[in-house]
Amino acid sequence: ALIDEEGIESPVLVGWSMGVQVSIEHAARKALPRAIIALMGTPGRPFRTAFHTDALEPRVEGLVRFARAHWRRLAWTRPFSSRTPIVWAFIRAMQLAGVIGRTLDRDAFYALGREFALLDFDVYVTVFGHLAEHDTTELLPTVDCPVLVVGGERDPFTPMSCSVDLVRGLP
C-alpha cells in the first residue's frame, strides 16, 4: 500500500526476518521490484528451521494459541513491562534462550527492548501466528530480479541453511 501510495514504480525492497517473505510475496504477486535485499530471513516456515530444529514449530504454535487466548487478561501488565528491571530481565532471558548473543551491546539494545515491551501484543501474536503458517518457497522461481541474500553463521533463529535454501530457490 505504501509503495502504491507513493507511486514508486520500481522499488528496491529491503526485508529483514519476516520482511524477506513480504518482499518475495510482493515480487511474485504485485510487480517485480528493481531488486530485493533479503536480510536474515527464510522463504519457508521459520519455526521449522529456527535453532536448527523442527521441534520448535509445534511449541510456537501452542504458545501462539495460548497467548491469543489469554493475552487480554494480562493487558494490565503493560504499564509495568517497559520498566528498567523488566526490560533487563527480558534481555537476559533472550540471551539465556540463545535468541540474542551474550556479547550484545546491552545499552544499545535496551532502547529496543523498551519499545518491544510496549508493542500491542494482541496484534503481534496474531502476526506471529500467521508467520508460523506462511511459506513463500513455491514463489521463489517467479522472482526475476537481482536479490542480495544476507545470512549469518551465528544467527540461531535463522540458520545459514535458510539463506542457502533461499538462494537455491531463486532463478
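Colleague: Where does Arg114 lie?

Modeller: One begins by placing a residue in its secondary structure element. In this predicted model, Arg114 belongs to helix α7, which covers residues 106-117.

Colleague: Is Arg114 buried, exposed or partly exposed?

Modeller: One compares the relative accessible area with two limits: under 20% is buried, over 50% is exposed, and values in between are partly exposed. Arg114 has a value of 33%, so it is partly exposed.

Colleague: How many helices and strands does the protein have?

Modeller: There are 9 helices and 3 strands. Their order along the sequence is α-β-α-β-α-α-α-α-α-α-β-α.

Colleague: Which figures describe the protein as a whole?

Modeller: Burial is one of them: 33% of the 171 residues are buried. The exposed surface comes to about 10800 Å², and carbon and sulfur atoms supply 60% of it. Contacts may also be sorted by sequence separation. Of those between residues at least 6 apart in sequence, 63% link residues at least 24 apart.

Colleague: Which residues have the most contacts inside the largest nonpolar core?

Modeller: The general idea is that in soluble globular proteins nonpolar side chains tend to be buried together. Here the largest nonpolar core has 13 residues, and those with the most contacts inside it are Ile24, Ile36, Val143 and Leu166. Helix α2 (18-29) and strand β2 (35-39) each contribute at least two residues to this core. The largest share, 3 residues, is supplied by α2. Apart from this core lies another, of 5 residues, including Val87, Ile100, Phe109 and Tyr110.

Colleague: Which residues does Ile36 touch, beyond those up to four places away in sequence?

Modeller: To read the surroundings of a residue, one sets aside its sequence neighbours and lists the rest. For Ile36, the list is Leu13, Ser23, Ala27, Val143, Cys145, Pro146, Val147 and Leu148.

Colleague: How many salt bridges does the structure hold?

Modeller: For a salt bridge, one looks for a side-chain nitrogen of Lys or Arg within 4 Å of a carboxyl oxygen of Asp or Glu. The structure holds 1 salt bridge. In it, Arg29 pairs with Glu25, and the closest N and O atoms are 2.2 Å apart. Both residues lie in helix α2, 4 residues apart, or about one turn of the helix. Arg29 has a relative accessible area of 56% and is therefore exposed, whereas Glu25, at 21%, is partly exposed.

Colleague: Why does Thr136 count as buried?

Modeller: Thr136 is found in the loop between α8 and β3 (147-150). Thr136 counts as buried because its relative accessibility is 0%, and the limit for burial is under 20%. Neighbours within four places in sequence aside, Thr136 is in contact with Gln21, Ile24, Glu25 and Pro43.

Key: Residues are numbered from 1 along each chain as its sequence is written. This is a predicted model: local features need pLDDT of at least 70, side-chain atom pairs count only at pLDDT 80 or more; totals for chains, interfaces and linings use all residues. Side-chain values use heavy atoms; hydrogens and water are left out. Buried means under 20% relative accessible area, exposed over 50%, partly exposed in between (1.4 Å probe, protein chains only). Contact means heavy atoms within 4.5 Å. Accessible areas come from the Shrake-Rupley method with a 1.4 Å probe; for residues, only the protein chains shown count as cover. A nonpolar core is a set of buried Ala, Val, Leu, Ile, Met, Phe, Trp, Tyr and Cys residues joined through side-chain atoms within 4.5 Å.
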